[in-house]
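Please look at the sequence and the structure displayed below. The explanation after them goes through selected features step by step.

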Amino acid sequence: MRTSTGCWHAPPRPVAVCDGASRIDGEGPRVTVVGAGAIARRADRRYAAYVFDLDGTVHVDGQPTPGALTALAWVHATGARVAFLTNNPLQPGTAYALMLERMGIPATPSDVITSLDALVRYLRAHPPDGPVLLVAEPLVGEVLQGAGWTITTDPNEAAMVVVSWDRGFSYERLLAAFRAVRRGARIVATNPDPFCPTADGGLPDCAAMLAALEACTGARAEAVVGKPSVHMATAILDHLGTPPADTLMVGDRLLTDVGLARTAGMASGLALTGATDPTALEGATVRPDLALTSLLDLIPAGDPLEHP
Ligand SMILES: [Mg+2]
């Protein structure tokens with residue numbers, strides 16, 4: 001559509017209001033009622049593996065959520081496999097493992113999977129046919145270069161644009177990406193989060209940068225690899241090696257954390273310790289198996305290790 005100023009713009013599309021993610025794999029807003037059964041308030045069984053979202057679930061601003069340390073100690077005592085999962089692309093797994101260790105939760109870098117790990121996996125499966133241009137912070141370039149890809153700032157040679165949460169986002173960076181996409185470069189994004197919740201009101205996240213690029217090019221990302229995508233789900237299940245039905249995903253967001261569990265066939269626990277208010281469950285389009293007031297509700301009543 002051409003406007004009175006002579007500029008082209010993409011036709012409008014629906015806007016979804018949700019709890020953190022309105023897109024799955026570069027497709028438009030998708031709203032489906034899933035998991036419509038009753039929601040239990042406490043687990044009634046152990047699982048072979050537990051996957052924990054970090055922000056708002058295990059910790060808030062670097063402090064463990066109520067009961068998190070006891071619950072994680074119980075999970076480890078059961079012998080279950082444990083992994084941590086985050087859409088945040090600003091830090092490597094090593095940084096998150098360090099933060100967990102500081103809080104008293106045993107973790108190694110390999111226990112943490114971020115959207116950058118999902119990005120590398122995606123690019124290995126769908127490699128760019130040339131250099132990659134970034135709308136992203138330096139860590140993304142370091143990770144991709146470390147995995148063997150060439151980074152460029154020249155839109156004429158870019159075969160792919162990778163979009164991520166970019167606190168250095170600028171018109172110049174958008175222009176380069178715009179030109180690359182107009183010349184045929186593919187678009188891949190790290191995570192679908194519109195904003196990252198913080199104590200002071202939140203920060204614009206990857207979806208904001210991606211929306212800018214999609215708005216000016218009319219193109220859509222072929223994949224958004226973080227939660228709740230199948231790429232992130234596959235990454236975590238391959239890492240754990242446990243049956244999805246015997247794996248519990250615990251997170252504080254319905255569409256990303258519970259959505260990922262649904263994507264992967266995992267059981268899901270919504271931790272009411274972060275971004276989601278209990279009232280959001282009324283009429284929610286994505287429903288968890290469990291709604292946990294704290295992570296202590298992961299411990300079944302009467303479990304032999306209930307009072308370690
Ligand atoms: Mg979270």
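The model is a predicted one.

Two packed helices are described by the angle between their axes and the distance between the axes. Here, helix H5, which comprises residues 171–182, packs with helix H6, which comprises residues 206–217, at an angle of about 50 degrees. The axes of the two helices are 10 Å apart. Angles under 35 degrees count as roughly parallel and those from 65 to 115 as roughly perpendicular; with its angle of about 50 degrees, H5 is therefore oblique to H6. The crossing of H5 and H6 is right-handed.

Which residues make this contact? On the side of H5 they are Leu174, Ala177, Phe178, Val181 and Arg182. H6 contributes Ala212, Leu213, Cys216 and Thr217. In the contact of H5 with H6, 7 residues are nonpolar, 1 is polar and 1 is charged.

Although Asp61 is not a glycine, its phi is positive, at about 50 degrees. Is Asp61 buried or exposed? A residue counts as exposed if 12 or fewer other C-beta atoms lie within 10 Å of its own; Asp61 has 10 within that distance, so Asp61 is exposed.

The second detail is a peptide bond. Lys227 and Pro228 are joined by a cis peptide bond, with an omega of about 5 degrees. Pro228 is located in the loop between strand S12 (223–224) and helix H7 (230–240).

Definitions and conventions: Residues numbered from 1 in each chain as written. Predicted model: local features only at pLDDT ≥ 70, side-chain atom pairs only at ≥ 80, totals over all residues. Helix = DSSP H or I, 4+ residues; strand = E, 2+ residues; numbered from the N terminus. Buried ≥ 20, exposed ≤ 12 C-beta atoms within 10 Å, placed from the backbone. Axes fitted to C-alpha atoms, helices over the stretch in contact; angles between N-to-C directions. Parallel < 35°, antiparallel > 145°, perpendicular 65-115°, else oblique. Left-handed = near helix turned anticlockwise from the far one by under 90°. Contact = placed C-beta atoms within 7 Å. Nonpolar A, V, L, I, M, F, W, Y, C, P; charged D, E, K, R; others polar.
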